[in-house]
Amino acid sequence: MQGKISIAKLSSLVSFEHLAEIRRFVTTQAALAGLKDEQVDRLELAVVEFVTNVIRHAKGLPVGATISIDLERDVGAFWCLISYPGDGYTPPEPTEPEILADEYPEGGFGNFIIFSACDSVSFEYVSGKNVTAMEMRFENVS
C-alpha cells in the first residue's frame with residue numbers, strides 16, 4: 001500500500017482575521033482530494049472550532065505566532081494536521097454535553113464537536129509545538 005503524501009500546506013497568523021482563509025483552504029483542498037460534501041462540511045466545522053479554540057485559549061503563544069495546516073492523504077484517508085507553538089495541550093476526553101432546552105451555555109462543546117465530526121483525532125506535543133491530526137476516511141474504500 002502506498003504511504004501518505006502531502007498535498008497542500010498553509011501557514012497563517014494565529015488570529016481571527018485569518019480564520020476565513022484557513023476555512024477556504026481546508027474546504028477547497030478537502031473537496032479536491034475527493035471527500036464527499038458532507039465530510040468536507042464536517043471537517044470544516046472541526047477545523048474552524050479547533051482554530052478558534054487555539055486563538056481564544058492557547059497558552060504560551062509567542063507574539064506573531066503562526067498556525068500551520070498540512071494536508072495529507074493516501075488511498076484510504078485524508079488528514080488535516082494543525083500545528084502551533086506554545087505550551088503543550090492535551091484536551092480531556094470529550095463527553096456528550098447535556099443540553100437542557102432552557103439552558104444553553106456558551107462554549108464547552110468544542111472537543112465534542114471536533115471528535116464527533118472526524119473519524120479520528122490525535123494530539124501530540126513535539127519540539128515545542130502542538131500537533132493535532134484530524135482524519136477523514138474516504139467512503140467506499142475497501
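Colleague: Which residues of helix H1 are buried?
Modeller: This is a predicted model, where local features need pLDDT of at least 70, side-chain atom pairs count only at pLDDT 80 or more, and totals for chains, interfaces and linings use all residues. Residues are numbered from 1 along each chain as its sequence is written, and side-chain values use heavy atoms, leaving out hydrogens and water. Taking buried as under 20% relative accessible area (exposed is over 50%, partly exposed in between; 1.4 Å probe, protein chains only), the buried residues of H1 are Leu19, Ile22, Phe25, Val26, Thr27, Ala30 and Ala33.

Colleague: What do the buried residues of H1 pack against?
Modeller: Helices (H or I, at least four residues) and strands (E, at least two) are DSSP runs numbered from the N terminus. With contact meaning heavy atoms within 4.5 Å, the partners are strand E1 (5–13), H2, strand E2 (66–73) and strand E3 (77–85).

Colleague: At what angle do the axes of H2 and H3 cross?
Modeller: Axes are lines fitted to C-alpha atoms, for helices over the stretch in contact, with angles from 0 to 180 degrees between N-to-C directions. The axes of H2 (residues 37–57) and H3 (residues 110–117) come within 8 Å, and they cross at roughly 150°.

Colleague: Where does Ser127 lie?
Modeller: Ser127 has a positive phi near 50° though it is not a glycine. Ser127 is exposed, with a relative accessible area of 77%. Its place is the loop between strand E4 (120–126) and strand E5 (129–137).
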